[in-house]
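Trainee: I would like to learn how to read a structure like this. Please take me through it feature by feature.

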Amino acid sequence: MAKTEFQVWRGDSSGGELQSYQVDVGPGYVVLDAIHQIQAEQANDLAVRWNCKAGKCGSCSAEVNGSPRLMCMTRVDDLPKDKPITVEPMRTFPSVKDLVTDVSWNYEVKKTIQRFMPSKPDAADGTWRMDQYDVERPQEFRKCIECFLCQDVCHVLRDHHMHDRFAGPRMFVYVANLEMNPIDTGNRVAQLRDELGVGYCNITKCCTKVCPEHITITDNAIIPLKERVVDQSYDPIAKLLGAGKE
Amino acid sequence: MPSTPSKVTALPVKRGFGETLRPDAWWIQPVVVGLGFLAFIVYSTWAAFQGAFYSSGNLLSPFYSPELWYPLGEVSEHALFGAQPGWWPGFLPYSPAFLILWAPVSFRLTCYYYRGAYYKSYWPGPPSCSVGTPGTGYMGERHFPLIIQNIHRYTLPFALLLLVFLASDAWKALWFAAPGGEEFGLSVGTLVLTANVCLLGSYTFGCHSLRHIVGGGIDRLAGRPVRRTAYECVSWCNKRHMRFAWFSLFWVGFSDAYVRLCAMGIWTDLRIF
């Protein structure tokens with residue numbers, strides 16, 4: 001088996017550094033396999049969060065060779081062989097230890113978003129009728145596994161640390177899921193503009209690129225939400241016509 | 001909204017401009033995009049200031065379409081209202097392109113695709129995903145000046161109107177001067193102008209604001225066949241918005257160059273039939 005050098009970030013909230021490990025990489029190895037091997041054979045105290053190893057739990061988010069990825073879905077064979085493979089924790093969130101970050105901020109932000117507000121049931125049995133065509137749009141957003149890679153790559157959070165003014169792509173996907181639901185009666189546009197700070201997004205589309213569920217975050221969630229904000233905040237004609245208040 | 005993450009207070013140290021652990025050549029794309037935009041801006045500005053050699057027979061450069069008034073000293077059969085108006089200040093240079101180009105420029109400048117692309121190439125970053133951004137005091141599109149980008153939907157009608165004129169130009173390019181009137185025909189120039197309007201149309205009809213207006217802004221499209229079909233058509237173009245943005249940008253410049261070379265006598269428009 002070929003020896004491959006991994007440089008893994010070791011440390012905590014007070015600081016840390018990349019440390020080198022040589023790993024015997026077997027056929028079909030993913031980065032998480034290599035991390036587990038390091039943990040088992042060379043660094044028993046290496047902290048890493050993982051669960052399903054199938055790209056569905058969103059636990060093993062990290063930065064592999066500088067790009068946000070799920071470690072369990074990143075094959076070592078697909079990475080350049082001529083340089084060491086770097087593995088860092090997500091840079092948008094505080095480090096707890098080694099590759100584990102504190103992502104609790106996301107859950108706190110999510111709690112502040114206006115809940116689902118269904119209309120009165122429109123069927124005699126007390127349920128709702130929705131056309132599948134109308135349901136498909138928000139269904140795309142329900143694929144989100146909350147890995148927070150989109151939050152990690154977003155420069156507004158990652159580089160500018162605007163956690164107090166900007167909710168991030170994951171939260172916009174969540175809001176889009178609610179706003180575009182055919183039976184939802186809530187109106188989160190003012191909250192989007194003022195509290196969640198959708199205007200800080202400058203459409204780099206990095207969130208879409210890193211999404212392991214291939215949700216078209218920018219084009220299908222964020223830009224449509226920005227347009228709804230324009231309807232109700234900046235466009236006098238749309239305001240006059242009451243656009244976006246269906 | 002909760003402020004900075006709690007429990008563990010320290011966020012990772014910010015990286016400087018351009019810093020990253022990415023081993024790939026991440027800088028190539030923003031550099032190529034930036035140079036592509038720059039090349040187009042330089043060429044289109046130069047072409048707009050020429051005020052001459054913008055039409056050749058039945059061909060009219062898209063930078064000059066619709067031609068409202070032709071400049072003094074020139075005579076153009078494409079002009080809608082004749083010669084340069086007397087109210088144009090004498091100290092200002094005049095070119096028919098000045099009266100037109102503000103529409104496509106404002107449409108492209110505020111386009112969601114272009115915004116993301118030129119922010120990466122020029123300002124306010126990041127130059128590429130997970131690469132350190134420049135400077136501090138980021139304000140995004142939340143405050144002045146970039147909050148102005150929200151006028152994008154107001155530039156859309158002008159872009160749509162231009163398509164009508166460009167389609168008309170492509171139609172006119174099918175008719176050639178002949179003894180006793182005009183005759184139907186086809187030349188390479190006809191194909192160039194037809195491809196131009198098709199590419200610009202594909203780009204314009206993929207506009208995010210148009211997608212919102214035709215159906216994206218409402219939550220129930222079932223039972224609304226016209227809006228649903230329109231939404232699906234615009235969404236099809238929207239998925240290819242970046243591709244059409246580049247193809248149409250290149251082709252509109254090429255169309256101007258083609259007509260210009262013909263008008264200058266450097267190139268002859270080849271008649272197919």
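Trainee: What share of the residues of chain A count as buried?

Mentor: This is a predicted model, so every value here is computed from predicted positions. Of the 246 residues of chain A, 60% count as buried. For chain B, with 273 residues, the share is 51%.

Trainee: What part of the contacts comes from residues 24 or more positions apart?

Mentor: Among contacts with a separation of 6 or more, such pairs make up 60% in chain A. In chain B they account for 66%.

Trainee: Which domains is chain A divided into?

Mentor: Domain 1 covers residues 2-101 and domain 2 covers 104-241. Their centres, taken over C-alpha atoms, are separated by 31 Å. As for contact, 15 residues of domain 1 of chain A meet 16 residues of domain 2 of chain A.

Trainee: How should I read a nonpolar core?

Mentor: In soluble globular proteins, nonpolar side chains tend to be buried together. Here the largest nonpolar core has 73 residues, and Phe6(A), Ile35(A) and Met71(A) touch the most other members. Helix H6 of chain A, residues 169-179, gives the most to this core, with 7 residues.

Trainee: Why does this core lie between the two domains of chain A?

Mentor: Both domain 1 (2-101) and domain 2 (104-241) give residues to the core, so the core lies between them. There is also a second, separate core of 25 residues, which includes Tyr133(A), Val33(B), Phe107(B) and Val234(B).

Trainee: What is Phe6(A) in contact with, leaving aside its neighbours within four places in sequence?

Mentor: The contacts of Phe6(A) include Gln19(A), Ser20(A), Tyr21(A), Val23(A) and Val25(A). Val31(A), Ala34(A) and Ile38(A) are also among them, as are Val76(A), Ile85(A) and Val87(A).

Trainee: Where is Met130(A) found?

Mentor: Met130(A) is in the loop between helix H2 (104-112) and helix H3 (132-141) of chain A. Its relative accessible area is 37%, so Met130(A) counts as partly exposed. Beyond its neighbours within four places in sequence, Met130(A) is in contact with Val135(A), Asn181(A), Pro182(A) and Ile183(A). Ile183(A) is 53 residues from Met130(A) in sequence, while their C-alpha atoms are 7.7 Å apart.

Trainee: Where does Leu270(B) lie?

Mentor: Leu270(B) lies in the segment after H8 of chain B. With a relative accessible area of 56%, Leu270(B) is exposed. Not counting residues up to four places away in sequence, Leu270(B) touches Ser187(B), Val188(B) and Tyr258(B). Pro179(B) is 91 residues from Leu270(B) in sequence, and 19 Å away from C-alpha to C-alpha.

Trainee: How should I read a pocket?

Mentor: Rolling a probe the size of a water molecule over the atoms shows where empty space is left. The second largest pocket in this model has a volume of about 650 Å³. Its lining has 27 residues, and those nearest its centre are Phe40(B), Pro104(B), Val105(B), Arg108(B) and Leu249(B). The elements giving two or more residues to that lining are helices H1 (28-50), H2 (102-109), H3 (112-121), H4 (152-172), H5 (188-204) and H8 (241-263) of chain B.

Trainee: How do the residues of that lining divide by type?

Mentor: The lining of the second largest pocket has 22 nonpolar, 4 polar and 1 charged residues.

Note on methods. Residues are numbered from 1 along each chain as its sequence is written. Chains are lettered from A and ligands numbered from 1 in the order in which they are written. This is a predicted model: local features need pLDDT of at least 70, side-chain atom pairs count only at pLDDT 80 or more; totals for chains, interfaces and linings use all residues. Side-chain values use heavy atoms; hydrogens and water are left out. On a 1 Å grid over the protein atoms alone, a cavity is a set of points where a 1.4 Å probe fits but cannot get out, and a pocket is an open set with protein on both sides within 12 Å along at least five of seven lines; lining residues have an atom within 4 Å of a point. Grid points are joined across faces, edges and corners, and a volume is the space filled by probe spheres set on the points. Helices (H or I, at least four residues) and strands (E, at least two) are DSSP runs, numbered from the N terminus. Ala, Val, Leu, Ile, Met, Phe, Trp, Tyr, Cys and Pro count as nonpolar, Asp, Glu, Lys and Arg as charged, and the others, Gly among them, as polar. A nonpolar core is a set of buried Ala, Val, Leu, Ile, Met, Phe, Trp, Tyr and Cys residues joined through side-chain atoms within 4.5 Å. Buried means under 20% relative accessible area, exposed over 50%, partly exposed in between (1.4 Å probe, protein chains only). Domain bounds come from an automatic or database domain assignment. Contact means heavy atoms within 4.5 Å.
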